[in-house]
Amino acid sequence: MIPPFPGVRESAAAAEENGEALVCVQKQCPGEFVCASAYFAQGLSGALEEIYIREGALERLQKAAQALPEGFRFKLWDVWRPLAVQQAIFDAYAAEIAQKQPALSKEQVFEETRKFVFPPGSDALLPPLHATGGAVDLTIVDERGAELDMGTGFDYFGDIAFPEYYEAPGRDERIRQNRRLLYFAMIDAGFIPDSVEWWHFNYGNSAWAKWTGNAPIYGGVFSL
């Protein structure tokens, strides 16, 4: 069973950057993962087709992949994210909230937006989670390359995207088992989940540190 997970999305100062390199998944382990850079496909300014990840996070991702059924693979949507992309995502969701709820003040729009999208920032010790190279957005594809049904698509912002949503009685058993497969493969490999996105997992960054009681080992990386 996937348990409810407390919100661990705020950043904390990285006590010590361990200096691990960002590596390109497509070059480091070609064919091992399906790489489908979501924001590059959407045409967001600054988005890269290549997917970069910290070396330690990649090792744990490879370990998680070993727990999948034969022929199944992880499909990676987003890992390391340039700040320009973070800004574009934040601004787009803020504009959507402002349009749907015109009575909200700018401060209220900001607070509503940050519930799902980490605010941009260029402080290496207070980075957005994806700027560290240790936050991974992914799903699973079967032997035919089809995505398993997880109940929502990528970047769906709402209660249905909460990892434990399908654990409630009467909800789709197939989706429940698909989410469990992803969840436990990643958790057993050393990642922590996100409280509001079934596709998001953390290693080495401030969210991981807060939950595990360790010091963060990844600060922000703002250029390749």
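Begin by selecting Glu-49, which is partly exposed, with a relative accessible area of 47%. On this scale buried means under 20% relative accessible area, exposed means over 50%, and partly exposed lies in between, computed with a 1.4 Å probe on protein chains only. You are looking at a predicted model, in which local features need pLDDT of at least 70 and side-chain atom pairs count only at pLDDT 80 or more, while totals for chains, interfaces and linings use all residues. Residues are numbered from 1 along each chain as its sequence is written, and side-chain values use heavy atoms, with hydrogens and water left out.

**Around Glu-49**

Glu-49 sits in the loop between H2 and E3. The element names come from DSSP runs numbered from the N terminus: helices are H or I runs of at least four residues, and strands are E runs of at least two. Now show what surrounds Glu-49: setting aside neighbours within four places in sequence, Glu-49 is in contact with Gln-26, Ser-37 and Phe-40. Contact here stands for heavy atoms within 4.5 Å.

On a 1 Å grid over the protein atoms alone, a cavity is a set of points where a 1.4 Å probe fits but cannot get out; a pocket is an open set with protein on both sides within 12 Å along at least five of seven lines; and lining residues have an atom within 4 Å of a point.

**The largest pocket**

Next, select helix H4, residues 83-100. H4 gives the most to the lining of the largest pocket, with 7 residues. That lining has 14 residues, and Ala-92, Tyr-93, Glu-96, Ile-97 and Phe-157 lie nearest the centre. The pocket has a volume of about 260 Å³, and its lining holds 8 nonpolar, 2 polar and 4 charged residues.

**The nonpolar cores**

A nonpolar core is a set of buried Ala, Val, Leu, Ile, Met, Phe, Trp, Tyr and Cys residues joined through side-chain atoms within 4.5 Å. The largest one has 52 residues, and Ile-53, Leu-61, Phe-74, Leu-76, Leu-138, Leu-182 and Met-186 touch the most other members. Elements giving two or more residues to this core include helix H3 (55-65), strand E4 (73-78), strand E5 (135-141) and helix H6 (173-188). H4 gives the most to this core too, with 6 residues.

Centre on Leu-182: not counting residues up to four places away in sequence, Leu-182 touches Phe-74, Leu-138, Ile-140, Met-150, Trp-198 and Phe-201. A second, separate core of 5 residues includes Leu-22, Cys-24, Tyr-52 and Val-221.

Then turn to H3, whose buried residues are Gly-56, Ala-57, Leu-58, Leu-61 and Ala-64. They pack against strand E1 (22-24), helix H1 (25-28), strand E3 (52-54), E4, E5 and H6.

**The cysteines**

How many disulfides does a search of the whole structure find? It finds 0, with a disulfide taken as a pair of cysteine sulfur atoms within 2.5 Å. For Cys-24 the nearest cysteine sulfur, that of Cys-35, is 7.4 Å away; Cys-24 is buried at 7% relative accessible area. For Cys-29 the nearest is again that of Cys-35, at 7.2 Å, and Cys-29 is buried at 6%.

**Last stops**

Select Asp-155, in the loop between E5 and H6. Its phi is near 65°, a positive value in a residue other than glycine, and Asp-155 is partly exposed at 23%. Pro-169 is found in the loop between E5 and H6 and is exposed, at 80%. Finish at Ile-192 in strand E6 (residues 192-193), which is buried at 3%. Ile-192 and Tyr-203 are 11 residues apart in sequence and 6.7 Å apart in space, C-alpha to C-alpha.

Terms used: Grid points are joined across faces, edges and corners, and a volume is the space filled by probe spheres set on the points. Ala, Val, Leu, Ile, Met, Phe, Trp, Tyr, Cys and Pro count as nonpolar, Asp, Glu, Lys and Arg as charged, and the others, Gly among them, as polar.
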